[in-house]
Every structure is written in C-alpha cells, then in structure tokens.
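Me: I am new to this structure and would like to go through it step by step. Could you show it to me, please?

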Amino acid sequence: MAEISHPPMEQLQDLEYCIDSNPPWAETMALAFQNYILMLGSSVMIPSILVPAMGGSDRFIHTMRAIQGALIVASSIQIILGYSQIWGLFSRFFSPLGMAPVVGLAGLGLFHRGFPLLGNCIEIGLPMLLLVIGLSQYLKHIKPWRDIPIFERFPILISVSIVWIYAVVLTAAGAYRHTPTATQLSCRADKANLITTAPWFKFPYPLQWGPPTFAAGHSFAMMSAVLVSMVESTAAYKAASRLAIATPPPAYVLSRGIGWQGIGVLLDGLFGTGTGSSVSVENVGLLGLTRVGSRRVVQISAGFMIFFSILGKFGAVFASIPFPIFAALYCLLFGLVASVGLSFLQFTNMNSMRNLVITGLSLFLGISIPQFFDDYLPRNGLVRTNAGWFNAVVNTIFASSATVGLMVAVFLDNTIEVERSKKDRGMPWWVKFRTFRGDSRNEEFYTLPFNLNRFFPPT
C-alpha cells in the first residue's frame, strides 16, 4: 500500500511561481497579456448576446439605465455581506467535503460554454483544442530559448495566434460566404465590421447613458445574480489559492474579497458596463496551466485590460477572435478548475459512505437541476408567477451549478452525523484556516499592500 499511497498536500508543489514570487519582467508582461487575451472570451460573448436583445438606440439607453440602477442597488448586497463579515461567518459552515463539489461545479457547471460552442465551428475549434493540449502537455519540457519552457508558459498566446491566422485565411478565402448566419457569426474573423466601426479612443465616464433608473423588480432580480456571483466567486477564490500555492483564504479574506467585488459592481453600475463584476474562472485555470500563480502577472493584466478598453481599435482587433477558439480553451481550463475542487477530497475520508453520498448527490444535482431550469429558459423560465422579480430570483439561483451544489453540500454536510464525522469531513486540517491568524502563512499571502490592513483589520 505504501507504494500506491499519496499523502495529502496542503499546497501544490508542481508550480513554478507562487502568489508572492515573480517571473522576470519580460516573461511577466507576456504572461499578463496572455491573461488579457483569455479574458476577452467572456467579455465579448456576454455583450454580443445582451446588446442585440436590448433593441434600438432609444430602447437600448432605457434598458441600460435600468441595468445601471439595478447594479447600483444590488452592489449593496456584496458590500454589506462582505465588509460586515457576515459572509465570513457563513463560511464557518464550509469544510473540505462541502467545498469540493462547489469548486468542482464552478468548472463543470460551465460545460455548455465548452464543446457545445466549440462545435459551432468545428474546423476552428477542434484544431485549437488539440493544439493547446499538445503545446501545454506534450511539449511543455522543451526549452528552445533561454531555458524557458515557452510552450508551457505561453500555450494560449501561441495556439490562439496560429488558429486565429487560420481563421482569417478561411474567412478571406470565402469559406463562409454562403453559409448560414449562425455559422458566420461563429467562424468569421471579420464579424460585423467590428474593427471599422470601433472608435480610436473611448474614455468611459460615470452615467454616460444618463441618470440610472430604479425599479424594485429589476433590483431584486439583480440581487439574485449578485448572490450567485458571490457563491461562484468564493469557489473560484478557493481554486485560485490552491493554484497559487497559497493557503485556503480564511473567512476574513473571503469577506474582504466579496466586499471589494461589491465595489466593482457599484462602479459597473455607475459607468454603465451592462454587466456586473465576477471572478473569471478561465483565468483561474490558467494559473495551473502555466504553473504561474504570481499576483504581479494578474495586476499587470488588469493594466492591459484598462489600456485596450480605451484604445477602441486595438481592443476591437482582439475582440474579433472567433469564439470557438475560446470555447476550446474553456474545455481545458474549466476542467482544470473542476479537478482542483475535487482535490480537496484528499483531506477527507472517501471510504465513508456518508461522504460518498454527499459528494455524489451534490455533484449530480449541481449539474442536473440547472440543466432542468435551462431547458425552460426559452419559455421565460420554469417559474412563471405574476411576480416577475420572484421568477427572476428563483430561476437565476437554480440555474447556477455552484450555487445549487453549495446549498446541497453545505446543508447535508452540516446536518448528517456532524459530530461523529469531524475527522471524516476534513475539519482537523480545515479549522486552522478559518481565521486570519490561524496559520502563520496567511499573513504572508493575504496582507494588503501599502499598509492598507489598518483600514481593513483582520477580525
């Protein structure tokens, strides 16, 4: 048995840079740009779905102002639950057994953004999937320049560049000239004159669509989306900490993160972005794929996002990348995040029937229930009462795999043989990460820069 046993490991050892260590500057800049490119997938897909549904100019402005008001009101949920430490108090009900399916579903629950969208343009998506797997896994030990594993560090930059050029060639050659509209939207690399219509410079400013409008129904609906975002972000925080070779974020850090996310949603409402802020699950997966968990890389990547959002033409060039290219990346990265979640099971007793039932039921219902609700989405949702806000709240919450998984896993884990199963649940390992001072490494990983902790003292 000793030959096949693998003792639990608090921190992953197979990464090159942890949260506090930094690659050389040139490598850091390239890694940050790679993070920016990956982020474009969701950033372009969501507006491309929402904006056409918002109608013409007058209706668009009216809808945007309503969204602004709903975001401003809903942001208070995250700000209050975060900075009051209420979310941290709720996290005391978490355990490795409860978090494993939640983090797993943060990746698996996004399966509809993987191969189903890749298959919309199989001649682009499938080569992309095979290429990124080949570069990142089979060629990762090759170091053709300065002893840097280029194919492991930059598989997305390399593969996106190659397949994007391939898509441009297909588009220029007229491969999609007489294809259905849906195929052209998925495959063409020059969609909707995106580059020619984009301004050279675009400086966003608060209330650019006019004063926001406030309606109770819209606000309640947006609050449900914010609650879902809190759950999914918490799962992503847990995954990111593991992939950055850090300790699981304690309750205080979770609450602080949710509070800052609420500030982000408030700014989204003021600037009229049309959507709120949440964690990018694919970028969390990228930490593991490149084996670089450096905080500096992410900070510089945020700078790229701001820079290219102002330079409209350059941002539009990158936004013209066909979405099946991103869908191929999601197949790998969402799966990686899911496996990180399942890795928490190493701290539990998976020979316990109690644990097997909780894990299996949480995972199954976390996929099955949202799929059931999604089937009714074209018919205005499963729940259709006279109270539109109530319909939106219920349909939104139960359409989220991570949220359903959290409700099932945390409830069962805290009601079935709790006292007898502390060790089986992994609590002896987990309990020290509940508080900021429970582990000496927390201060190294989670202390704010510029002495900002004096404004947000650990509690």
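Me: Let us begin with Lys143. Is it buried or exposed, or something in between?
Reply: Lys143 counts as partly exposed, because its relative accessibility is 45%. Buried means under 20% relative accessible area, exposed means over 50%, and partly exposed lies in between, with a 1.4 Å probe and protein chains only.

Me: Before we continue, what sort of model is this?
Reply: This is a predicted model, in which local features need pLDDT of at least 70 and side-chain atom pairs count only at pLDDT 80 or more, while totals for chains, interfaces and linings use all residues. Residues are numbered from 1 along each chain as its sequence is written, and side-chain values use heavy atoms, with hydrogens and water left out.

Me: Back to Lys143, then. Which residue does it form a salt bridge with?
Reply: The partner is Asp147, and the closest N and O atoms are 3.9 Å apart. A salt bridge is a side-chain nitrogen of Lys or Arg within 4 Å of a carboxyl oxygen of Asp or Glu. Asp147 is exposed, as its relative accessible area is 58%.

Me: How many salt bridges are there in the whole structure?
Reply: A search of the whole structure gives 11 salt bridges. One of these joins the side chains of Glu16 and Arg291, at 3.4 Å from N to O. That pair connects distant parts of the chain, 275 residues apart: Glu16 is in the segment before helix H1 (25-53), and Arg291 is in the loop between helix H13 (281-290) and helix H14 (295-310). Helices (H or I, at least four residues) and strands (E, at least two) are DSSP runs, numbered from the N terminus.

Me: Are those two residues buried or exposed?
Reply: Glu16 is partly exposed, with a relative accessible area of 41%. Arg291 counts as buried, since its relative accessibility is 18%.

Me: And what about Asp413, which residue does its side chain meet in a salt bridge?
Reply: Asp413 meets Arg354, with a distance of 3.0 Å from N to O. This pair also links distant parts of the chain, with Asp413 in helix H19 and Arg354 in helix H17, 59 residues apart. Asp413 is buried, having a relative accessible area of 0%, and Arg354 counts as buried at 9% relative accessibility.

Me: Let us look at H17 itself. What span should it have, and what is found?
Reply: Helix H17 covers residues 353-375, and its 23 residues should span 33 Å at 1.5 Å a residue. Its end C-alpha atoms are 32 Å apart, which agrees. The expected span of a helix is 1.5 Å times one less than its number of residues.

Me: Which residues of H17 are buried, and what do they pack against?
Reply: The buried residues of H17 include Arg354, Asn355, Ile358, Leu363 and Phe373. Its buried residues pack against helix H4 (96-108), helix H16 (323-342), helix H18 (388-397), helix H19 (401-413) and helix H20 (422-425).

Me: A new topic: at what angle do H1 and H15 pack?
Reply: H1 and helix H15 (residues 312-319) pack at an angle of about 75 degrees, and their axes are 10 Å apart. Axes are lines fitted to C-alpha atoms, for helices over the stretch in contact, and angles run from 0 to 180 degrees between N-to-C directions. H1 and H15 are therefore roughly perpendicular to each other; angles under 35 degrees count as roughly parallel, over 145 as roughly antiparallel, 65 to 115 as roughly perpendicular and the rest as oblique.

Me: Which residues make the contact?
Reply: On H1 they are Phe33, Tyr36, Ile37, Leu40 and Val44, and on H15 they are Gly315, Phe318 and Ala319. Contact means heavy atoms within 4.5 Å.

Me: H1 also holds Gln34. Is Gln34 buried or exposed?
Reply: Gln34 counts as buried, at 0% relative accessibility. Leaving aside residues up to four places away in sequence, Gln34 touches Arg153, Phe154, Pro155, Ile156, Leu157, Leu286 and Thr290.
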